[in-house]
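Visitor: I would like to learn how to read a structure of this kind, one feature at a time. Could we go from burial to the sheet, and from there to the helices?

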Amino acid sequence: MIIKMSDDSGANNEVNVPDETSKDEIENEVEEWIRGGEWGDGKHICSAEYETDNGFSGNVTIEVGEDDDPPDCAEGQEHSWESPQWLGGCTENPGVWSIEGNRILSKEVCSICGIYKNYQSEDQNGREPNKTWYEDADEYSIEWTNKLKKDIP
Ligand SMILES: [Zn+2]
């Protein structure tokens, strides 16, 4: 049978496999193809749709690459990740957003140096595939860390 696959960047591929190939083996072929792509640095969540000429179809979503290491905190300090209300997101759950489908994005901010940590997962329970990346401090987070420093007696 022929497996036709296309990923979320629009790339296509076709693979010829024996007719008795199982659904798991088909999905392994798709996964292998995704992993062989050029994804650059960092971790990416990649999806591909597939269909076969004998009626199987589905979707494979996997992680490719590794998360970046977190940047250093302020001299001699460890990051202290928090989710203050000003980050936005749900009222009950500051810093958490639902994005397309079951994807969630959560954001935390270090109360010492002000950098942001983003965490994206493919389902509401935070299971794999998921990825974490970091963003530089900005005026809001710097203002917040300065205010916290003043509050410490
Ligand atoms: Zn920090």
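Guide: Let us begin with burial: a residue is buried if 20 or more other C-beta atoms lie within 10 Å of its own, exposed if 12 or fewer, and partly exposed in between, with C-beta atoms placed from the backbone. This is a predicted model, in which local features need pLDDT of at least 70 and side-chain atom pairs count only at pLDDT 80 or more, while totals for chains, interfaces and linings use all residues. Residues are numbered from 1 along each chain as its sequence is written.

Visitor: Is Gly-37 buried, exposed or partly exposed?

Guide: Gly-37 has 15 C-beta neighbours inside 10 Å, and therefore counts as partly exposed. Helices (H or I, at least four residues) and strands (E, at least two) are DSSP runs, numbered from the N terminus, and Gly-37 is placed in the loop between α1 and β3. Although 30 residues separate Gly-37 from Asp-7 in sequence, their C-alpha atoms are 9.9 Å apart in space.

Visitor: Which residues make up the largest nonpolar core?

Guide: A nonpolar core is a set of buried Ala, Val, Leu, Ile, Met, Phe, Trp, Tyr and Cys residues joined through C-beta atoms within 7 Å. Here the largest one has 10 residues, namely Ile-3, Met-5, Ile-26, Val-30, Trp-33, Ile-34, Cys-46, Ala-48, Tyr-50 and Val-60. Two or more residues of this core come from each of β1 (2–7), α1 (23–35) and β3 (44–52), and α1 gives the largest share, four residues. As for contacts (C-beta atoms, placed from the backbone, within 7 Å), Ala-48 touches Met-5, Ser-6, Asp-7, Val-30, Ile-34 and Val-60, if neighbours within four places in sequence are left aside.

Visitor: Which bridges could I look for on the display?

Guide: Between β1 and β3 there are five bridges in the antiparallel sense, in which Ile-3 has Thr-52 as its partner and Asp-7 has Ala-48. β3 and β4 (residues 57–64) are joined by eight antiparallel bridges, where His-44 is partnered by Val-64. These two strands, β3 and β4, form a hairpin with four residues between them, and Gly-55 in the turn has a positive phi of about 100°.

Visitor: Which residues of α1 are buried?

Guide: The buried ones are Ile-26, Val-30, Trp-33 and Ile-34. They lie on the same side of α1, because they cover an arc of only 105° around the axis, the arc being that of the directions from the helix axis to the C-beta atoms. On the other side of α1, Asp-24, Glu-25 and Glu-32 are exposed, whereas the cover over the buried residues includes β1, β2, β3 and β4.

Visitor: How many residues of helix α2 are buried?

Guide: Among the 13 residues of α2, one is buried, and the helix is hardly covered.

Note on methods: Two residues are in contact if their C-beta atoms, placed from the backbone, lie within 7 Å. Two strands pair if DSSP finds at least two bridges between them.
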